[in-house]
Amino acid sequence: MRRTSISPRNTEFVVLSFEGPDDYSMAGGLGVRVINLSTTLASLGFTTHLFFVGDPDLPGEETRHDGKLILHRWCQWISEYHPNGVYDGQGSKLYDFNDSIPPFVKEQVVKPAVAANKLVAVLGEEWHTAEAMCRLSDLLHYDGLRDKAVMFWNANNTFSFERINWGRLNFTTTITTVSRYMKHIMWGVGVNPLVIPNGIPRALLSVVDEGLAEQIRRLFDADLLLCKVARWDLDKRWHQAIEAMAKLKDRGLKVTLLARGGLEPHGQEVIRNARSLGLVVREAHTGAHSHEARVAALRAAIPADIINIRFQLPSDFLEVLYRACDSVLANSGREPFGLVGLEAMAAGGIVFTGSTGEDYAIPFVNAFSLETDDPMEIVNYLLYLQDYPEEGSRMRQAARQTAAQYTWEAAAQNLVAKIENQARIQGALKGKPVPQETEPDLPKLPPELLPASLKSDLGSS
């Protein structure tokens, strides 16, 4: 291959993921990440093949974005017997995924691309694809094609790390992750991944309708209007948020928290705690999908200290809430990246993040980074904003400027640059590679900072 840099003319992408763009395949943040990344690569002109566990009732193959994005719905014959989503029948799907995707990708994507003098960049997402990536690397090596493909495997979180053969995966692929925090966590399993941050859709940077935001503020007429959108999970530190609400109320402030959780049972514990602290909790329901219907549902739940929102919040309504609120509590105790915080910053919200994977948050510049689970840390920062409202205005502006640096377009350019460097290392591109970091002795993290699933495996090492 005679080329000096990666471009849509000489490179094709393959993305492997369990989740994908179908309703059947979308279970969480991974599906959102995969479709945004794939769509962005296609919009940049790269032919991109996305393999995922797809809806059994949709075509096995579909093209979008003027033919640049090719969807390959996999495991459909299994999904037909497991109608409850991508992870229903997970074991059977994983076996089929590992067994059938590597030879298909080799024969139907890599070989034709190489015959056309193209490089192939293969991106695997999460633990479900680790084995398939290793097998694909072996098949390509056997056929003399391995140096014609750059293979990146990405970890978005620590789920099922104990299932991964790290030595084999590290030998066959270049491992990546989404934040410096995750990079440091992964030192504990003996790998040193490249960091390629997540992104947000550029559309989220559009100016929020200030009139709609003001409508929400007038609706509650609160001294402090707060918002928290997260799963009902201990890591999300709902109790810290609730206890901060109680302390603010005890100070005589009229405070309202707009809370949107999931279906997890921890939510019942959080609500019980709130009521035991003297907070009034009411639910907001609506089956309609208009802005007016959602506002009416919130109005019907007033008066309350906490409004438990029991309807879906689309991005256009979320950004209004983020803009309207005095702060958005994205105060996770452990967060691989923290997409909610970045989305709120894009809307011009003042965000309280944790201090783990939220690399974009700079304390007192564009956000507040909470370093403890003490609710008084939230209380004191909110009182600070009340005393210095000009600081809040400045931080909102800085937050939007920061979010503009974390679009999917920026993330894709970062990814392409690192793939290009790896291609030079493999000899697939002319030019010298960028020097790599050398860390012969990876530091070991103390056990309390490791994921629970890793403690038993690493405790004796």
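Guide: Two strands pair if DSSP finds at least two bridges between them. Strands (E, at least two residues) and helices (H or I, at least four) are DSSP runs, numbered from the N terminus. This is a predicted model, in which local features need pLDDT of at least 70 and side-chain atom pairs pLDDT 80 or more, while totals for chains, interfaces and linings use all residues. Residues are numbered from 1 along each chain as its sequence is written, and side-chain values use heavy atoms, without hydrogens and water.

Visitor: How do you know that E10 and E12 pair?

Guide: Strand E10 (residues 255-260) and strand E12 (residues 306-309) share 3 bridges in the parallel sense, and at least two are required, so they count as a pair. Leu258 has Ile307 of E12 as its bridge partner. Both strands belong to an open sheet of 7 strands with parallel pairing, in the order E11-E12-E10-E9-E13-E14-E15.

Visitor: What makes E11 and E15 edge strands?

Guide: Strand E11 (281-284) and strand E15 (368-369) each have a single partner strand, so one side of each has no neighbour in the sheet.

Visitor: Which strands form the open sheet with mixed pairing?

Guide: That sheet has 8 strands, ordered E3-E4-E2-E1-E5-E6-E7-E8. Strand E3 (61-64) and strand E8 (194-195) are its edges, each pairing on one side only. Strand E1 (residues 11-16) runs parallel to strand E2 (residues 47-53), with 5 bridges between them; Val14 has His49 of E2 as its bridge partner.

Visitor: Which strands does H3 touch?

Guide: Contact means heavy atoms within 4.5 Å. Helix H3 (residues 90-115) packs on the sheet and touches E1, E2, strand E4 (69-74) and E5. H15 also packs on this sheet, touching E1, E5, E6, strand E7 (174-177) and E8.

Visitor: Why is H1 called roughly perpendicular to H15?

Guide: H1 and H15 pack at about 75°, with axes 9 Å apart. Axes are lines fitted to C-alpha atoms (for helices, over the stretch in contact), and angles run from 0 to 180 degrees between N-to-C directions. Under 35 degrees counts as roughly parallel, over 145 as roughly antiparallel, 65 to 115 as roughly perpendicular and the rest as oblique. H1 is therefore roughly perpendicular to H15. The contact includes Arg33 and Leu37 in H1, with Leu415 among the residues in H15.

Visitor: What makes a space in this model a cavity?

Guide: On a 1 Å grid over the protein atoms alone, a cavity is a set of points where a 1.4 Å probe fits but cannot get out; lining residues have an atom within 4 Å of a point. Points are joined across faces, edges and corners, and the volume is the space filled by probe spheres set on them. The structure holds 1 cavity of 30 Å³ or more, and the largest cavity has about 110 Å³ of space. Of its 15 lining residues, Arg33, Leu37, Glu125, Ile196 and Leu415 are closest to the centre. H15 gives the largest share of the lining, 4 residues.

Visitor: What makes His65 and Pro303 worth a look?

Guide: Most residues other than glycine have a negative phi, and most peptide bonds are trans. His65, in the loop between E3 and E4, has a positive phi of about 50° and is not a glycine. The peptide bond from Ile302 to Pro303 is cis, with omega near 5°. Pro303 lies in the loop between helix H10 (291-300) and E12.

Methods:
1 Å grid on protein atoms, 1.4 Å probe; cavity = no way out; pocket = protein on both sides within 12 Å on 5 of 7 lines; lining within 4 Å.
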